[in-house]
Amino acid sequence: MSDAVGDSTPRPEYQARVGDDGRTVLGRHGDVPKFDPRVAAWGDCDEANAAISVALAVSGFSIDLTSTLASIQNDLFDLVTDLAVPLDDPQPADARIRDAHLVRLERAIEHFAKEAPEPEGYVLPVGTVPAATLYQARAVVRRAERTVWMAIDAHPGAVNVLAARYLNRLSTLLFAMARGANIEHGDVYWEPEATFHAMEREAEEPIEPLE
């Protein structure tokens with residue numbers, strides 16, 4: 001037996017034990033092993049959407065940022081629907097990632113990047129809770145992008161390259177949003193070998209004699 005991934009057809013009930021044989025039905029790709037890169041890509045993109053959901057739930061973002069993230073969540077449903085239908089399928093998919101999706105993200109990057117000054121180095125993912133949730137979502141999106149590229153490489157001609165490019169731009173947007181959400185706290189920059197140099201300084205400090 002197998003379970004269905006990427007199938008938009010509603011099911012009346014949860015089916016226990018389906019998929020116990022390590023296989024799944026990935027939309028119109030048919031019955032595939034669960035370790036197939038297309039399944040991994042679908043799952044990582046689903047996780048990215050969930051990470052954005054957590055950010056929206058725990059953080060008091062502006063209406064502007066909230067509405068942008070909400071629209072991105074809808075885009076990510078377009079994206080997983082796209083992944084579930086091969087590009088050469090004779091029937092059109094319910095949704096595909098298109099150039100217009102990427103253009104809108106690029107405009108959003110320009111908009112939100114203005115909220116923080118140019119970074120002075122490599123920014124550590126620390127600061128306020130809103131910023132931290134966006135940094136975490138960005139990390140999940142970057143992983144999703146890598147798995148989509150793996151699926152493209154493993155199944156050339158079947159997986160939409162624009163899906164990977166969308167995720168690449170989305171990770172940049174989430175970085176810009178995180179820095180803007182962290183504006184009051186300020187960026188914290190990476191200091192190469194900071195711990196090592198601190199230990200060196202401690203070793204050089206003279207030891208005070210006991211009285």
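Tutor: Let's start with Tyr135, which is buried, with a relative accessible area of 7%. Keep in mind that this is a predicted model.

Student: What makes 7% count as buried for Tyr135?

Tutor: Buried means under 20% relative accessible area, so Tyr135 at 7% falls in that class. Phe175, at 22%, counts as partly exposed.

Student: How many aromatic pairs does the structure hold?

Tutor: Two. In one of them, Tyr122 and Trp190 sit 5.7 Å apart, centre to centre, with 70 degrees between the planes.

Student: Is that pair of Tyr122 and Trp190 stacked or edge-to-face?

Tutor: Planes over 60 degrees apart count as edge-to-face, so the 70 degrees of Tyr122 and Trp190 puts them there.

Student: Which parts does that pair tie together?

Tutor: Tyr122 is in the loop between helix 3 and helix 4, and Trp190 is in the loop between helix 5 and helix 6, so the pair links parts 68 residues apart in sequence. As for accessibility, Tyr122 is exposed at 62%, while Trp190 is partly exposed at 47%.

Student: And how are the rings of Tyr135 and Phe175 placed?

Tutor: Their centres are 6.3 Å apart and their planes meet at 55 degrees, so this pair is tilted. Tyr135 belongs to helix 4 and Phe175 to helix 5, so the pair ties together parts that are 40 residues apart in sequence.

Student: Helix 5 again! Where does Ser171 sit, and what does Ser171 touch?

Tutor: Ser171 is in helix 5, residues 161-181, and is buried at 3%. Leaving out residues up to four places away in sequence, Ser171 touches Arg138, Val141 and Arg142.

Note on methods:
Residues are numbered from 1 along each chain as its sequence is written. This is a predicted model: local features need pLDDT of at least 70, side-chain atom pairs count only at pLDDT 80 or more; totals for chains, interfaces and linings use all residues. Side-chain values use heavy atoms; hydrogens and water are left out. Helices (H or I, at least four residues) and strands (E, at least two) are DSSP runs, numbered from the N terminus. Buried means under 20% relative accessible area, exposed over 50%, partly exposed in between (1.4 Å probe, protein chains only). Contact means heavy atoms within 4.5 Å. Rings of Phe, Tyr and Trp (its six-membered ring) pair if their centres lie within 6.5 Å; planes under 30 degrees apart count as stacked, over 60 as edge-to-face and the rest as tilted.
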